[in-house]
Amino acid sequence: MSLLHFHFVLLLLFCITFSAISFQQHEEITTTMEQFSGYSIHEPPHSSQFISLSLDAHALHNQFDELSEFSDSPHPSVTRVLYTDKDVLARRYVQNLMEVAGLSVREDAIGNIFGRWDGLEPELAAVATGSHIDAIPYSGKYDGVVGVLGAIEAINALKRSGFKPRRSLEVILFTSEEPTRFGIGCLGSRLLSGSENLASALKTTTDSQNVSFLDAARSAGYAKDVDDLSSVFLKKGAYSAFVELHIEQGPILEDEGISIGIVTAIAAPASIKVEFEGNGGHAGAVLMPNRNDAGLAAAELSLAVEKHVLESGSNDTVGTVGILELHPGAINSIPSKSHIEIDTRDIDEERRNRVIEKIHQSAIKITKTRGVKLSEFSIINQDPPALSSEAVIKAVETATRELNLTSKLMISRAYHDSLFMARLSPTGMIFIPCYKGYSHKPEEFASSEDVANGVKVLASTLAKLSLQ
């Protein structure tokens, strides 16, 4: 060995030894600082790398089946109405799953349920996810439930991976997303968003059986000795982000063979009640030229709804006459009164409101041509649409790409609790395919593979958002 070569080897050995000593000293200093301060100064695990997620798909499938048993209608349909016995049992079932997952659980005055996994910096605004478990009569077992049970399993998967969130992660079970009992959609999230009008209205709201909202809530163990529901309100910024996992409730993803829908906007509904009054009479005795038929007035307005929606020029504008009632409701009697309820939706609030105004003008015109009275034209709610946060969309897109799943940017034509959570924090939604787009019926179905894909995307998205 030459002298030059020998010196080179000695130098190399010295550098390796020095590096090892320096690394050891650095680790000793870091450990001492952590022990002294009580805080970790290591970068959280997986902060910039793909997280390997392991799901218990079998357990999740069983949970869907078990939860569906809490129903007031026979299998395979699900009926779970706000504050009924079956609703209360289903809530306890989910709360137990949260506790088994190691989440700290709390409930507010109307039964919104929160399960929190504390992060490394719990003083920061948390990242939230969740949905609802109430179900309209004779519906399916996936609507809303995917976003609750899937969220709990997403937390479990992150824990199995060894991930440690910086921001706390919180799962929310929202009270009464469906308007089944008290006619108020997204009741829980709407109240969380700070609706003072709703908090006031709920003091006197009753259901079809004349049971008050407060009495129903108390029968379920909520609103104990409390009439003021403003305690439910959350401040804007209470969460740094909110993400909701949901079945599409439409056929697009399945038809196009796409795994994940990334929601960019949520269309918001406006609900209209209309009543006409005419002159009744015997169906055979009153001649056609002499009639003031309230039923035909309602029928004509129904066709006008379709006309004005189509004239909007956008596929995103929709209108539906979902209720049409005639009085006295006898085959041989000319209707003297008619009652119709109209649902109009769009992601463009101004365009939707223009349609509403045209419907109103048509109703007025019909009174003149048919000799009837417009006794009511009222807008029950007129919520603005919501746009998804660019930061949340980006996090979902990145998670989907890392999981090698196909995705599509799309809007939600159904409204969800996310519509109101967007008033509190940056918000986004993740859609998964459902069989033929079926929803709100017993045939509603999402495959285990599609559910697993959605849960993995949700888990990865929550991890990314928690580290921001």
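Biologist: What is the relative accessible area of F445, and does that make the residue buried, exposed or partly exposed?

Modeller: The relative accessible area of F445 is 40%, so F445 is partly exposed (buried is under 20%, exposed over 50%, partly exposed in between; 1.4 Å probe, protein chains only). This is a predicted model, where local features need pLDDT of at least 70, side-chain atom pairs count only at pLDDT 80 or more, and totals for chains, interfaces and linings use all residues. Residues are numbered from 1 along each chain as its sequence is written, and side-chain values use heavy atoms, without hydrogens or water.

Now the rings. Eight aromatic pairs occur in the structure (Phe, Tyr or six-membered Trp ring centres within 6.5 Å; planes under 30 degrees apart are stacked, over 60 edge-to-face, the rest tilted). One of them joins F70 to Y93. Their rings are tilted, with 55° between the planes and 5.8 Å centre to centre. F70 sits in the loop between α2 (57-68) and β1 (78-80). Y93 belongs to helix α3 (residues 85-100) (DSSP runs: helices H or I, at least four residues; strands E, at least two; numbered from the N terminus). Y93 has a relative accessible area of 16%, so Y93 is buried.

Back to F445. Its ring pairs with that of Y142. The geometry is edge-to-face: 80° between the planes, 5.9 Å centre to centre. Y142 lies in the loop between β5 (135-139) and α4 (145-161), and F445 in the loop between β17 (427-432) and α13 (448-466), so the pair ties together parts 303 residues apart in sequence. Y142 is at 4% relative accessibility and therefore counts as buried.

Elsewhere, ring pairs join Y83, F182, F213 and Y222 into a cluster.

Next, the nonpolar cores (buried Ala, Val, Leu, Ile, Met, Phe, Trp, Tyr and Cys joined through side-chain atoms within 4.5 Å). The largest has 59 residues. L67, V94 and L158 touch the most other members. Helix α4 gives this core its largest share, ten residues. Leaving out residues up to four places away in sequence, L158 touches I51, L53, W117, F163, L169, A459 and A463 (heavy atoms within 4.5 Å). Another core, of 31 residues, lies apart from the largest one. Its members include F174, L191, L202 and A223.
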